[in-house]
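I opened my notebook to record what I looked up in one structure.

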Amino acid sequence: MNASPSSPPSGTTAPSESANRPRSLSDLFISFTLLALQGFGGVLAIVQREIVDRKRWLTQEQFIEDWAVAQIMPGPNVVNLSLMVGGRHFGIAGALAALAGLLTVPLILVIGLAVLHDRFADSPVVAGALHGMAAVCAGLIGAAGLRLASALKKSPLPLSWCLAIAAAGFILVAFLKCPLPWVLFGLGGLGCVLAYRRLAS
């Protein structure tokens, strides 16, 4: 007996009853294309708002879980997340549709912009515009981080421990310039061990 399209692929978490789902593979492709076109230098904040708040394809908890896995997997975080979101609803076909939506049109635009940037890179107007966009991106990412921090309320670890681990990660990356994989596996592993011991006690 063939699995129905609504059945989640093996090894993934089914969306909660309150969560919607993409209508089709085309819906996945178009949605991730629009998401990608809204981002400049990273689309985390936009993806969180669209997938959780507007489309309700994932709950806040599911998004945070998938984002945590995307962070430790090789490759760009948002690409990994798109594969998981597509795969959660439509299996391999959904993962490929979401990935294609995230990359196809932006890739064409980036190639065109690269040609234009090579021609006008010395223009003060272009340089100023890029600096302004970078500032906006930093604000969007910061806002997304603050919203995701709401999940700390359900963490098995005390809030003070969570904040200490987050602060240590910021210091190691921003000031001590430690390689990101070391920080992820080091502090991430520490957090996993502490959470496991708290749950087991």
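My entries on this structure follow.

I worked from a predicted model, in which local features need pLDDT of at least 70 and side-chain atom pairs count only at pLDDT 80 or more, while totals for chains, interfaces and linings use all residues. Residues are numbered from 1 along each chain as its sequence is written, and side-chain values use heavy atoms, with hydrogens and water left out.

Entry one, the whole chain. I found 7 helices and 0 strands in the protein chain; both are DSSP runs numbered from the N terminus, helices being H or I with at least four residues and strands E with at least two. I noted that 28% of the 201 residues are buried (under 20% relative accessible area, 1.4 Å probe, protein chains only). The chain exposes about 12600 Å², and carbon and sulfur atoms supply 70% of that area (Shrake-Rupley method, 1.4 Å probe).

At what angle do the axes of α3 and α4 cross? I read roughly 130 degrees for α3 (residues 60–72) and α4 (residues 77–120), with the axes coming within 8 Å. The axes are lines fitted to C-alpha atoms over the stretch in contact, and angles run from 0 to 180 degrees between N-to-C directions.

On the α3 side I listed several, including Phe63, Trp67 and Val69, and on the α4 side several, including Val78, Leu81 and Met84 (contact means heavy atoms within 4.5 Å).

Definitions and conventions:
Buried < 20%, exposed > 50% of the residue type's maximum accessible area, 1.4 Å probe, protein only.
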